[in-house]
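Have the viewer open while you read.

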Amino acid sequence: GSTVRNITFRDVVMPDTYKGIYLKFRGAGLVEDVLFENVTIERPEQWALWMGPAQQSDSSDLCAAHPCSICWPEFAWLGAACDPPAGGLYRNITLRDVSILEPRKHSPGVLYGSSESPMEDILFDNVKVHRSEGTAVREAAQGGDLVRAYGGEDARALEVRASALAGENTLSHGWWDEPQYFCEGVASGRAVRGTSPVPSCFEGVSVLSTLSDMGELGASTHGAAAALR
């Protein structure tokens, strides 16, 4: 597999992007020692943050998984799969001072490592989602972003088929409708300095973030935080 290491992305603004920060594996490999610092992602159309398997199709089948279907997760119940490569490892990845402004999806992103090679040492340092009241829309649950992004009869036929099988005019809702990350296959992850929301599979996140925000990481606090890990 391929190896990518020792890369810094700094002082970046992404207006009206489709995906924002996008790290992906098609097969086995290693991505390590990567820093994203002072990054602003404005009005991302799809996932603001994605770290996991490549979400793509290399065939005429729109929803084929190579290795993660572009129809996932909204159409997982129809067989759209997303399978992280067993030999793909992310290690020592830092996101620092990252602002996500007015994301179109409720969920800010996906962190999806394999059970055989889970992610190691992932740090979210002041990674925040900023959303105005009523800005986020439930387009994912309605199949809207698939039709708009890929167009054509394939996407529309998929939406019609899904609605028919569901026996209703809208698609089922899921975790992507909530302001949370999909977080799976992470062996060690931390969130500090007010990161919000915090990926659910990170360790000691709520206590450590709160203590850091209060500026009380003195000797006694370090001891208390260490005891909670």
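Phe9 is partly exposed, with a relative accessible area of 37%, while Phe36 is buried at 7%. Those labels come from a 1.4 Å probe run over protein chains only: buried is under 20% relative accessible area, exposed is over 50%, and partly exposed is in between. Bear in mind that this is a predicted model, where local features need pLDDT of at least 70, side-chain atom pairs count only at pLDDT 80 or more, and totals for chains, interfaces and linings use all residues. Residues are numbered from 1 along each chain as its sequence is written, and side-chain values use heavy atoms, leaving out hydrogens and water.

**Ring pairs**

Rings of Phe, Tyr and Trp (for Trp, the six-membered ring) pair if their centres lie within 6.5 Å; planes under 30 degrees apart are stacked, over 60 edge-to-face, and the rest tilted. By that rule there are ten aromatic pairs. Two of them go in the table.

| Pair | Centre to centre | Angle between planes | Type |
|---|---|---|---|
| Phe9 and Phe36 | 4.7 Å | 5° | stacked |
| Trp72 and Phe182 | 5.3 Å | 90° | edge-to-face |

Phe9 sits in strand β1 (residues 2-15) and Phe36 in strand β3 (residues 29-42), so their pair ties together parts 27 residues apart in sequence. Strands are DSSP runs of E, at least two residues long, numbered from the N terminus.

As for the other pair, Trp72 belongs to the loop between β4 and β5 (88-101) and Phe182 to strand β8 (residues 182-184), so this contact ties together parts 110 residues apart in sequence. Trp72 is buried at 9% relative accessible area, and Phe182 is buried too, at 14%.

Ring pairs also link Trp72 and Phe182 into a cluster with Tyr22, Trp47, Trp50 and Tyr112.

Searching the whole structure gives two cavities of 30 Å³ or more. A cavity here is a set of points on a 1 Å grid over the protein atoms alone where a 1.4 Å probe fits but cannot get out, and lining residues have an atom within 4 Å of a point.

Terms used: On a 1 Å grid over the protein atoms alone, a cavity is a set of points where a 1.4 Å probe fits but cannot get out, and a pocket is an open set with protein on both sides within 12 Å along at least five of seven lines; lining residues have an atom within 4 Å of a point. Grid points are joined across faces, edges and corners, and a volume is the space filled by probe spheres set on the points. Helices (H or I, at least four residues) and strands (E, at least two) are DSSP runs, numbered from the N terminus.
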